[in-house]
Amino acid sequence: DQGIPGLKGDTGAQGDQGPAGTSYTPPIYNLNTKYEEELGGYVIAVRDGGKHGLVVAMQDQGSSKWYEANDLLSDANNHDVNGAKFMDWRLPTKRELNLVYNQKLNIGGFSPSYYWSSTEPNSGSAWVQNFANGLQGYGPKGSNYYVRSVRAF
């Protein structure tokens, strides 16, 4: 008695594995080299040999008070055509914002003004960085500063 096919350990016939073989190799990205359309921005940090990292948007999402910054970066109309494909944009931390500043000439499109980060020392202020001269400090959340978002890949 062979039993019911599929039970008692029957494995069935070997299926097709497709024209590309049996495994997928994720793309490897390099740091600070170019705009990566499929990621929606410019790679500013990598880990795991370039399989994962951080991308910055290719354009500002506008300027606003800190409390309204998430509204700007989550609006697809405030991104280029490739950046608009993603819904996981966020404000950079102060460390990430400095990475963006250090690559601003390669990335392009920045205002010579202050940009918001997500880092909060207290309820009334957040970390900002001046993209004209690199000056860093805390800005009152009620001030209008620029927003440039990042996303992980």
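The following legends describe close-up views of a predicted model. Local features are given only at pLDDT of at least 70 and side-chain atom pairs only at pLDDT 80 or more, whereas totals for chains, interfaces and linings use all residues. Residues are numbered from 1 along each chain as its sequence is written, and side-chain values use heavy atoms, with hydrogens and water left out.

**View 1. Overall fold and confidence of the protein chain.** The protein chain holds three helices and nine strands, where helices (H or I, at least four residues) and strands (E, at least two) are DSSP runs numbered from the N terminus. Their order from the N terminus is β-β-β-β-α-α-α-β-β-β-β-β. The mean pLDDT (the predictor's confidence in each residue, from 0 to 100) is 88, and 86% of the residues reach 70 or more. Over residues 6–12, pLDDT stays under 50. Where pLDDT is low, the predicted coordinates should not be read in detail.

View 2. Strand 2 (residues 41–47) and strand 3 (residues 52–56) are joined in the antiparallel sense over five bridges. Val46 has Gly53 in strand 3 as its bridge partner.

**View 3. The largest nonpolar core.** A nonpolar core is a set of buried Ala, Val, Leu, Ile, Met, Phe, Trp, Tyr and Cys residues joined through side-chain atoms within 4.5 Å; buried means under 20% relative accessible area, exposed over 50%, and partly exposed in between (1.4 Å probe, protein chains only). This core has 17 residues, and those touching the most other members include Leu39, Val43, Trp116 and Phe153. Helix 1 (69–73), strand 6 (125–130) and strand 8 (145–147) each give two or more residues to the core, and helix 1 gives the most, with three. Apart from this core lies another of 13 residues, among them Tyr42, Ala45, Val56 and Tyr101.

**View 4. Surroundings of Gln103.** Gln103 lies in the loop between helix 2 and helix 3 (104–107). Gln103 is buried, with a relative accessible area of 14%. Not counting residues up to four places away in sequence, Gln103 touches Asn32 and Tyr42, a contact being heavy atoms within 4.5 Å.

Technical notes:
Two strands pair if DSSP finds at least two bridges between them.
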